[in-house]
Amino acid sequence: MLYHLIEQQLHAALRQILPDAATAAVLVRPCADPNFGDYQTNALMALAKARKMNPRQLAADVVAKLDVREWCEPVEIAGAGFLNFRLRPAAVTAALRTARAAGHPFVARAASPRTVVVDFSSPNVAKPMHVGHIRSTILGDCLARTLRLLGHRVITDNHLGDWGTQFGKLLIGWKRHLDTAALRRDAIAEMERLYKLVNAASEADPAVLEAARQELVRLQAGDAENLAIWREMIALSQTQFDTIYARLGVKFDQTLGESFYNPRLRAVVAELVAKGIARESDGAQVVFFDDLPELKAHPTIVQKSDGGFNYTTTDLATLAYRLETWSPDEIIYVTDGRQQLHFRQVFAAFGRWQSAIPKLAHVWFGSILGEDGRPFKTRSGDTIKLADLLDEAEERALRVVSEKNPDLPPAGQREIARIVGLGAVKYQDLLPNRQSDYVFSWDKMLALSGNTAPYLQYAATRIQSIFRKGDIQNPEFGIQDSELSAAEELKLAKHLLNFGLVVEAVAEEYRPNYLCNYLYELAGHFTAFYEHCPVLKAGGADRARRLALCDLTGRVLRQGLGLLGIETPERM
RNA sequence: GCGCCCGUAGCUCAGUUGGAUAGAGCAUCUGCCUUCUAAGCAGAGGGUCCCGCGUUCGAGUCGCGGCGGGCGCGCCA
């Protein structure tokens, strides 16, 4: 990648001037304003400041030692000490030629691949998946795909909520009120009905609450009947999850729910106690963090006073299992922001328990708010089911498709509507900064114009259309030494070069919105090119080169959308 | 009370080690389909980046203090 080569040369030059400088912080980034050039570095100013040097003088000294003639016009020193690099067109065409031969154009595989566990989605058994599950699922899937493209070994794990106190109420409901016909029709809806029924009843009648507690105790003690019912509830739920995941194109390498770790919990606590990490307090076993100021006031319980375990215990057992099973370099948790304190506690406790721990990342996202700006209530009944959201998305897309393409056969229209509708939902979810709360709105979630997936898909289909119209199957076109004659070609080409930079940033900061914005800009550059530069009607070298640009743009768009988990139709 | 996050155009939001003249989409307005798909393109208007002080050559970004909102804080997950 050109920016990387420039960066390396810059580091070499800097070492000649300041041998002890930390070059890792000296980055070459795309210019904020193309008027300044293609790439810039601002780090010399910071470096000069730290050493009380004259920044412009330092810049001049470094430039004197810097040799980037192969790729750049003469380097400019601007303002307080910016270095601006402008690519030579010949270097751009050379980079495009290299990319056309590459399996994944403009993306460099990681020099040292790492093993990364990604924990995401984690829906609860016996409950419908609702809009609240979409962010974790889509975000986690995107991060997994991104890390894989960069050459890392990724293990995705769906940590199902398949154990816990809710099963007491569910068991009561199953035994007393089960409607088997309704269960056959829609198992999740029936289980949800049972839960709500018993939940309401236990609020009114303490005897029901006590009965539910007893059922839970029997389940935990291994009662055969309760275990059988519990297993059936899991199996029925898994069918629903599988349907949703198939629709979303999300795959898991592992589905190890909370219950998988039950047999390990006692030993975890025993070890924590033996090592003096946990101690008894008010009848419970508790881990205190007296030496950590931010957690001093927030101890965490690993065994309740009634002897039961909780999610901190389960999460610690899960970490230990992952460590011994896969020896990961990193474990990523994708959950909402309300669990920040919990994960700080788990990570801190785990750090005391185990000597060598991998990088632990809690990738959190904001809450979903209702249209009124109030938090979305999960228990109040007006939760929007994920399946309904996806249905609505496909229906809205179908209306547009049938209007725009009335001549396509219905099955073709539905397939396009499926890809466009699901793409719109996913993109809308990945576009905002993940840490912002978002206000749920049908219109916003399902928008099909502007900065949306359909815009990107549309650009990709226009490219496909060119190849169809030109009847170009095995393209023998290529980029000769001819110049990129139009300004739009050069802009498009230069933007393509930065794809890998963005993919790496997504993986490093766990922020797919960087990729969304990059692809939106790419599609914008392509559209400008498309409006101004005829491809099929151009002749000779222009035509060949523009076809090559179309091909590369199409590949990057499809690859980028693929990282977001979004498909691209042939036409739309 | 303590902690985390947020406050940027009418609305929804971006804003990459602090960096150059703060950007999109939607909405509004003006043009563009006889040329590879108008789900598009070109252009216009629209800003006290919540307020104040500070650090800095330079602050939407960092620090401190306010104001407003969301979330969390030992036996749910």
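User: Let's start with charges. Which residue forms a salt bridge with Glu394, and how far apart are the closest N and O atoms?

Analyst: Keep in mind that this is a predicted model. To call a salt bridge, you look for a side-chain nitrogen of Lys or Arg within 4 Å of a carboxyl oxygen of Asp or Glu. Here Glu394 pairs with Arg247, with 3.0 Å between the closest N and O atoms. Glu394 sits in helix H14 (residues 386-404) and Arg247 in helix H10 (residues 224-248), so this pair ties together parts that are 147 residues apart in sequence. As for accessibility, Arg247 comes out at 23%, which makes it partly exposed.

User: How many salt bridges does a search of the whole structure find?

Analyst: The search turns up 32. Helix H21 (residues 540-563) holds a couple worth a look. In one of them, Asp542 meets Arg545 at 2.8 Å, N to O. Those two are three residues apart in H21, so about one helical turn separates them.

User: Which residues is Asn226 in contact with, leaving aside its neighbours within four places in sequence?

Analyst: Asn226 touches Leu171, Lys175, Glu215, Arg218 and Leu219. Asn226 lies in helix H10, and its relative accessibility of 0% is why it counts as buried.

User: Let's move to strands. Which way do the residues of S5 point?

Analyst: The general idea is that side chains in a regular strand alternate between the two faces of the sheet. In S5, Thr115, Val117 and Asp119 point one way, and Val116 and Val118 point the other way. Five of the five residues of this strand (residues 115-119) are buried, so S5 is largely enclosed by the rest of the structure.

User: Which strands does S5 pair with?

Analyst: S5 runs parallel to strand S6 (residues 153-157), joined to it by five bridges. Val118, for example, has Thr156 as its bridge partner in S6. To get from S5 to S6 the chain passes through helix H5 (residues 134-149), and this β-α-β crossover is right-handed. S5 also pairs in the parallel sense with strand S10 (residues 330-336), over four bridges. There, Asp119 has Tyr333 as its bridge partner.

User: Last one: how do I read the span of helix H20?

Analyst: You compare its end-to-end reach with what 1.5 Å a residue would give. H20 (residues 513-532) has 20 residues and reaches 29 Å from its first C-alpha to its last, close to the expected 28 Å.

User: And what covers the buried residues of H20?

Analyst: The cover includes helices H15 (410-430), H17 (453-469), H18 (487-496), H19 (499-509) and H21. Among the buried residues of H20 are Leu515, Cys516, Tyr518, Leu522, Phe526 and Phe529.

Notes:
Residues numbered from 1 in each chain as written. Chains lettered and ligands numbered in written order. Predicted model: local features only at pLDDT ≥ 70, side-chain atom pairs only at ≥ 80, totals over all residues. Heavy atoms only, no water. Buried < 20%, exposed > 50% of the residue type's maximum accessible area, 1.4 Å probe, protein only. Pairing = 2+ DSSP bridges. Right-handed = clockwise from strand over helix to strand, strands pointing away. Expected span 1.5 Å × (residues − 1). Contact = heavy atoms within 4.5 Å.
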